[in-house]
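Here is a short walk through a model and its ligand site. Look over the sequence and the structure, then read on.

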Amino acid sequence: MSQDFLRIAVQKSGRLSEDSLTLFKECGIKFDSKAGKLKTTSSNFPAEFLFLRDDDIPGYVEDGVADIGIVGENVQVETGRNVDIAKKLGFSKCRLSIAIPRGDSYQGVQDLQGRSIATSYPTILGNFLKENEIEAEIHEISGSVEIAPSIGLAHAVCDIVSSGSTLLANGLSEVEVIFKSEAVMIAHPSLSEAKRAILSKLLFRIHAVQTAKNNKYIVLNAPNEKLEAITALLPGMKAPTIVPLGTEGWSAVHSVLSEEDFWDKIDALRTAGAEGILVVPIEKMIY
Ligand code: ATP
Ligand code: ZN
């Protein structure tokens with residue numbers, strides 16, 4: 001009975017922490033996230049949070065010490081732990097790339113043959129080299145990988161890149177992207193029925209939050225004779241809502257637009273005769 005809550009592992013402090021905590025808060029889950037805490041219980045959702053180093057999270061989830069956790073896919077794949085991916089979360093996007101000293105010639109992956117590469121990701125790098133039939137020496141180091149070439153430790157590096165500014169500052173240039181990563185929610189593969197039910201409640205809320213972020217609510221005015229052309233452009237959750245305006249012959253149209261083709265749709269709506277277009281963010285989207 002006392003086990004009927006979900007134990008959630010999140011990174012204690014680092015690049016995943018803030019977005020992870022924000023996600024749970026946007027899902028309406030209240031908890032005390034004061035810095036320095038190692039464990040906390042939600043006051044309004046059957047969940048307990050453990051704050052850990054990201055590298056330890058897949059192991060804890062595999063062992064069942066935590067039921068679910070949030071990590072970068074890079075860490076999940078690198079650790080090779082047996083966990084399920086419950087959901088991709090869309091934040092902490094980055095890539096794992098091979099970089100070499102700027103100015104060194106590079107025609108293709110065969111140029112890595114017989115070279116040494118420093119990395120904190122020996123498994124992912126090893127897989128990449130194997131797939132490409134390259135024999136290179138992997139130097140596993142746990143941090144400050146970018147300085148390896150300048151101190152003579154390795155010819156190349158394989159490290160996490162987001163903007164590329166760290167590589168640039170260390171005189172390196174990116175030559176191969178070997179893995180693309182984002183934050184993922186991982187889950188213990190055999191959760192109890194009760195925990196599975198709580199997880200699905202949580203995933204439902206995350207889905208509502210994510211969908212809302214990818215959509216905007218729009219309200220526009222249109223002369224009635226143009227309504228057909230305008231509504232044909234609008235998907236809405238079912239069909240757009242049309243309300244007569246106080247002004248004879250005009251209506252207001254309410255709908256939802258996806259972030260993806262938002263500006264193209266707005267241009268098309270204006271061309272079709274829409275006026276006074278209001279765009280409003282959506283907090284949650286449930287359907
Ligand atoms: P810890 O102290 O918990 O071991 P760490 O130093 O290993 O932390 P962080 O640098 O906080 O890890 O990165 C955590 C995860 O965030 C990485 O595994 C990766 O998935 C992602 N990440 C790393 N660098 C970036 C970046 N520059 N931009 C976006 N996401 C990143
Ligand atoms: Zn780490």
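In which pocket does ligand 1 sit? Ligand 1 sits in the largest pocket. Keep in mind that this is a predicted model.

Start with the overall layout. The domain assignment divides the protein into three parts: domain 1 (6–91 + 183–212), domain 2 (94–180) and domain 3 (215–281). Domain 1 is written as two segments, 6–91 and 183–212. The centres of domain 1 and domain 3, taken over C-alpha atoms, are 38 Å apart.

Domain 1 (6–91 + 183–212) and domain 2 (94–180) each supply at least three residues to the shell around ligand 1. That shell holds 15 residues, and the closest are Gln11, Arg15, Arg53, Asp55 and Asn74. Sorted by class, the shell has six polar, five charged and four nonpolar residues.

Next, go down to the atoms. An N or O atom in the side chain of Gln11 lies 2.8 Å from an oxygen atom of ligand 1. Arg15 uses its backbone instead: a polar backbone atom there is 2.8 Å from a ligand 1 oxygen. For Asp54, an N or O atom of the side chain is 2.9 Å from an oxygen atom of ligand 1. Taken alone, ligand 1 exposes 630 Å², and the protein buries 75% of that.

Key:
Residues are numbered from 1 along each chain as its sequence is written. Chains are lettered from A and ligands numbered from 1 in the order in which they are written. This is a predicted model: local features need pLDDT of at least 70, side-chain atom pairs count only at pLDDT 80 or more; totals for chains, interfaces and linings use all residues. Side-chain values use heavy atoms; hydrogens and water are left out. A residue is near a molecule or strand if one of its heavy atoms lies within 4 Å of it. A polar contact is a pair of N or O atoms within 3.5 Å; within protein, one must be able to donate a hydrogen and the other to accept it, and residues adjacent in sequence count only if both atoms are side-chain atoms. Accessible areas come from the Shrake-Rupley method with a 1.4 Å probe; for residues, only the protein chains shown count as cover. On a 1 Å grid over the protein atoms alone, a cavity is a set of points where a 1.4 Å probe fits but cannot get out, and a pocket is an open set with protein on both sides within 12 Å along at least five of seven lines; lining residues have an atom within 4 Å of a point. A molecule sits in a cavity or pocket if more than half of its atoms lie within 2 Å of its grid points. Ala, Val, Leu, Ile, Met, Phe, Trp, Tyr, Cys and Pro count as nonpolar, Asp, Glu, Lys and Arg as charged, and the others, Gly among them, as polar. Domain bounds come from an automatic or database domain assignment.
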